Each structure stands twice: as structure tokens, then as C-alpha cells.
Amino acid sequence: MNLANKRDVKSVLEAQGFSFKKSLGQNFLIDDTVCPRMAESVSGENVGVLEVGPGAGVLTYELSKRCKKVVSVELDTRLKPILEQTLDGCDNVKIIWNDILKIDLHKVIAEEFEGCDTVNICANLPYYITSPVIMMLLESHLPINTIAVMVQKEAADRLCAAVGTREAGAVTVAVDYYSQAETLFKVPSGSFLPPPKVDSAVIKLTLRKKPPVEVKSEKTFFKVARACFAQRRKVLVNPLTASFGFDKDTARNILKTVGVSETIRGEALTIGQIADIANMIGE
């Protein structure tokens, strides 16, 4: 069986009576050039990989050839007979049937990757849960080095943008706080089954040993970041007062103290300026 051949994969799915669920955002990655490149970005001789959403197992198979162990978390139990067939012979692969947003990943990593020098994460994420899953993985402070993830091209541009540019958003600030993000390569819609209406991209997040800025309160820091982009076309004074409940004069004084113009828009701030404002507020 050629897992990169759409006809072969279709025949397996059809034989099991499998139908794609729009509610799960299912677009299985099937490409004999994309999957190896994506697997290479997280693999190594003594590396364990936690995969989110194996789909038909095409990427999982490539990971199994390059890693010590692969553990895939999948919500859709209808894929059990399919993955048993496509991953037959992959003795270093384990499937955990659970929701990635609900499972205890610290426990999974501790129990499943004993003996691995490094643990990385690889995922072809449904577009509708891209940001929640990425933020959960970053905020959980997991003992991992790298996250390689397939996302919608537009999301990749936002996640990997430089903070302070028009392409950035609140999620960009969070990603930059926890990791160094880069786009590895673009992926055309024809690489999926069924093909989505938009192109995708693989991005790599290398976890930082420590954040690029020092903050008194991460909660306040991220609250300021959200305020910066809540009303991105308005001067920052307005969303700051709305988010924190103080008057405009107080907001202007905070900006003045940290050396930021009171007429600046939140989207123009650097991550350092966002941290300075958060530390001045000091909640």
C-alpha cells in the first residue's frame, strides 16, 4: 500500500465505510513529499514524537521510520480499523484515543517516552482549533523542544509574524513569548484528502528556555496584549481603559512613563513595550 497515493488511501477509507466529518475539520494529509519533510523537522535517532491527529496515518508512518517512538492522540474512534491497517508493522507507534485538549499530556510524556533524549510534537491541526491547541501546548510548559504544525497559510503568517507589524495579533505575542516561530514551507490544498479551499503551511515553534521579556505577571502581560488588538484601529489609550477600568489620564501617564506615544495603536507595540506597560500596571 502506498500511503501517499490518494487512490490507495481512499480504498482503505471506503472499505471501512469512513466518511469525513466537517464538525471535526478533517482533511487528511496525503503527500509523498510533504509528510517526509514534516517528519524530518521533528525527528532524530533517540527522539520521541507526540502527534496530534494521525488522520489516515500517512504522517504517522513517516514519523515512525525516523523516531524512537510515536504516540498519536486521536479523538475519532472511527479511525481505529483504518489505522490498524495503514500502520501495520509500525511497532513503535501507539494510538491514544482521547481529546488533545482534555488529556493529561504531562502524564502521557512521562509514561510513554521514557528513555527518549528529546520529545517533540507534530500535528496536522484542523483549522478551527489551531490557536486553542497551540496555546494549550505552549502554556502547559511541557518538557518538549519543538512543535511542528500544519496550519492554514493565513494562520501561519499571523503566528510567525514579527510583533509590532500589521500581520501580528494577540496570539503572535503569546507565541513569541514562549517560542521562536518560523515558517518551514508552504503546502498546496491538493496535498490533503479532501482538499480544503485554502493552502496551508508548516511552521516550527522552538520552545524558549526563558521568555524574551521579564514580566511581573503573565496574566497582566497577556491581558495587555489582548487589549492591544481588541480595537486595533484605535489608539491604545481606549482599549487599555476598557480592559483595566482606569481613566484615560491614567492610561496616558502609563504610556508616557514607558516612553510610548499616547497616540500609538496597540498593533504597533513591540513585545518589550507590551511588557513595560504590563509591569507598570502591575496587577
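Two strands are said to pair if DSSP finds at least two bridges between them. Helices (H or I, at least four residues) and strands (E, at least two) are DSSP runs, numbered from the N terminus.

## Basis of the report

This is a predicted model, in which local features need pLDDT of at least 70 and side-chain atom pairs count only at pLDDT 80 or more, while totals for chains, interfaces and linings use all residues. Residues are numbered from 1 along each chain as its sequence is written, and side-chain values use heavy atoms, with hydrogens and water left out.

Strand β6 (residues 146–152) and strand β9 (residues 200–207) run antiparallel and are joined by seven bridges. Within this pairing, Gln152 has Ser200 of β9 as its bridge partner.

Strand β9 is also joined to strand β7 (residues 179–187), again in the antiparallel sense, by eight bridges. Here Ala181 stands opposite Leu205 of β9.

Strand β3 (residues 69–74) pairs with strand β4 (residues 93–97) in the parallel sense over five bridges. Val71 stands opposite Lys94, a residue of β4.

Together with helix α4 (residues 80–86), β3 and β4 make a right-handed β-α-β unit. A crossover is right-handed if, with the strands pointing away from the viewer, the path from the first strand over the helix to the second runs clockwise.

Relative accessible area is used to class residues: buried means under 20%, exposed over 50%, and partly exposed in between (1.4 Å probe, protein chains only). Glu62 lies in helix α3 (residues 58–66) and counts as buried because its relative accessibility is 13%. Contact means heavy atoms within 4.5 Å. Leaving aside neighbours within four places in sequence, Glu62 is in contact with Cys35, Pro36 and Ala39.

Ala123 is found in strand β5 (residues 118–124). At 2% relative accessibility, Ala123 also counts as buried. Not counting residues up to four places away in sequence, Ala123 touches Met38, Val52, Ala148, Val149 and Met150. The C-alpha atoms of Ala123 and Ala39 are separated by 9.9 Å, although the two residues are 84 residues apart along the chain.

## Helix α8

Helix α8 (170–178) is largely enclosed by the rest of the structure, because seven of its nine residues are buried. These buried residues are Val171, Thr172, Val173, Ala174, Val175, Tyr177 and Tyr178. They pack against several elements, namely α6, α7 (153–159), β7, β9, α9 (218–230) and α12 (271–281).

## The second largest pocket

On a 1 Å grid over the protein atoms alone, a pocket is an open set of points with protein on both sides within 12 Å along at least five of seven lines, in contrast to a cavity, where a 1.4 Å probe fits but cannot get out; lining residues have an atom within 4 Å of a point. Grid points are joined across faces, edges and corners, and a volume is the space filled by probe spheres set on the points. The second largest pocket has a volume of about 300 Å³. It is lined by 14 residues, of which His141, Tyr178, Leu207, Arg208 and Lys209 are the closest to its centre. The elements that give two or more residues to this lining are α6 (130–139) and α8.

By class, the lining of this pocket has eight nonpolar, two polar and four charged residues. Ala, Val, Leu, Ile, Met, Phe, Trp, Tyr, Cys and Pro count as nonpolar, Asp, Glu, Lys and Arg as charged, and the others, Gly among them, as polar. His141 is located in the loop between α6 and β6 and, at 52% relative accessibility, counts as exposed. His141 has a positive phi of about 55°, although it is not a glycine.
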